[in-house]
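This report is intended for reading alongside the sequence and the three-dimensional model. Please keep both in view while following the sections below.

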Amino acid sequence: MRVIFLGPPGSGKGTQAKRLQEAQGIPQVSTGDLLRQAVRDQTELGREAQGYMDAGKLVPDSLVIALLLERIQAGDCAGGFILDGFPRTVPQAEALDAALAEQGRPIDTVVNFVIDLGRLVERLVGRRVCPGGHGEWHVRFNPPQRDEVCDVCGAALIQREDDQEDRIRTRMEAYRADTEPLIAFYREHGVLQDIDALGELDTVTAQIEAVVTR
Ligand code: AP5
């Protein structure tokens with residue numbers, strides 16, 4: 001199963017990708033997570049990417065495409081993968097298509113998270129993440145067992161730099177300008193499946209299960 005999760009910031013891609021990973025036993029591949037790890041490790045890529053990410057801007061295609069194509073060559077992706085946050089531009093989608101066509105393993109389904117952008121600010125400002133990368137929660141919609149504490153390692157949860165309101169606006173603009181055109185791109189390829197991303201977590205999960213296993 002090779003799946004892309006496409007949707008605006010805060011639409012639930014990461015949360016649902018983790019659930020599908022658990023259910024199907026295929027890895028979530030999140031370019032956001034890979035980039036944040038590179039920033040934590042202070043690699044050359046991480047140092048280059050950090051300014052863009054903190055500002056809520058997209059990291060240049062040249063950096064992200066290479067990172068993603070290398071990741072999906074790893075052994076754990078042989079049986080499939082869930083791409084979360086990639087592709088985000090038409091050049092990224094074209095590069096992915098070309099690489100997968102060469103390998104004879106095309107994308108099966110693109111799950112399009114449909115949601116009114118006005119509803120996303122509340123989701124993003126209430127998100128809290130583990131500084132060690134162990135997961136993320138929401139103060140209201142998906143709280144950790146202990147307030148503001150990571151369920152996995154016990155660290156104090158933090159707010160992502162790009163979850164400040166002004167940065168959220170920049171991310172939404174990037175989504176509209178660069179990522180939304182991918183809806184038409186994948187619809188033309190006949191692999192796009194819309195789901196209503198506004199519902200409760202379990203309702204959204206059920207819709208995704210239905211479209212990826214159809
Ligand atoms: P990335 O980490 O991919 O961020 P994003 O796309 O902005 O997505 P988010 O993680 O904010 O949202 P999500 O849809 O995963 O929602 P989530 O499940 O967390 O990218 C970060 C940055 O990295 C980019 O800005 C860019 O700089 C760079 N980058 C990454 N990939 C790139 C690429 N391909 N090209 C260029 N640059 C790239 O949910 C959000 C909150 O809502 C959570 O708190 C959750 O608990 C809650 N929630 C989820 N679902 C529900 C629900 N159904 N009801 C109520 N609450 C819910």
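## Basis of the report

The model is predicted, so local features are reported only at pLDDT of at least 70 and side-chain atom pairs only at pLDDT 80 or more, while totals for chains, interfaces and linings use all residues. Residues are numbered from 1 along each chain as its sequence is written, and side-chain values use heavy atoms, with hydrogens and water left out.

Helices (DSSP runs of H or I, at least four residues) and strands (runs of E, at least two) are numbered from the N terminus. Helix α8 spans residues 181-188, and its buried residues are L182, I183, F185 and Y186. Buried denotes under 20% relative accessible area, exposed over 50%, and partly exposed the range in between, with a 1.4 Å probe and protein chains only. Viewed down the axis of α8, the buried residues fall within an arc of 165 degrees, so they line one face of the helix; the arc is taken from the directions from the helix axis to the C-beta atoms.

These buried residues pack against β1 (2-6), α5 (90-103), β4 (109-114), α7 (165-179) and β7 (192-196). After α8 comes G190, which has a positive phi near 75 degrees.

## Packing of α7 with α8

The axes of α7 and α8 are 6 Å apart, and the two helices pack at an angle of about 35 degrees. Axes are lines fitted to C-alpha atoms, for helices over the stretch in contact, and angles run from 0 to 180 degrees between N-to-C directions. On the α7 side the contact (heavy atoms within 4.5 Å) is made by Y175, R176, A177, D178 and T179, and on the α8 side by P181, L182 and I183. By class, this contact has five nonpolar, one polar and two charged residues. Ala, Val, Leu, Ile, Met, Phe, Trp, Tyr, Cys and Pro count as nonpolar, Asp, Glu, Lys and Arg as charged, and the others, Gly among them, as polar.

On a 1 Å grid over the protein atoms alone, a cavity is a set of points where a 1.4 Å probe fits but cannot get out; a pocket is an open set with protein on both sides within 12 Å along at least five of seven lines, and lining residues have an atom within 4 Å of a point. The count is one cavity of 30 Å³ or more. The largest cavity holds about 40 Å³ of space, and its lining consists of Q16, R19, L20, T205, I208 and E209. Helices α1 (13-24) and α9 (201-212) each give two or more residues to this lining.

Q16 lies in helix α1 and counts as buried because its relative accessibility is 4%. Beyond its neighbours within four places in sequence, Q16 is in contact with F5, F113, L201, V204, T205 and I208.

## The second largest pocket and helix α2

The second largest pocket contains about 510 Å³ of space. Its lining comprises 21 residues, of which R36, R40, V129, C130 and R160 lie nearest its centre. Helix α2 gives the most to this lining, with five residues. By class, the lining divides into six nonpolar, six polar and nine charged residues.

A38 is located in helix α2 and is buried, with a relative accessible area of 9%. Not counting residues up to four places away in sequence, A38 touches T43, L45 and G46. T43 is in the loop between α2 and α3 and counts as partly exposed, at 32% relative accessibility.

Technical notes:
Grid points are joined across faces, edges and corners, and a volume is the space filled by probe spheres set on the points.
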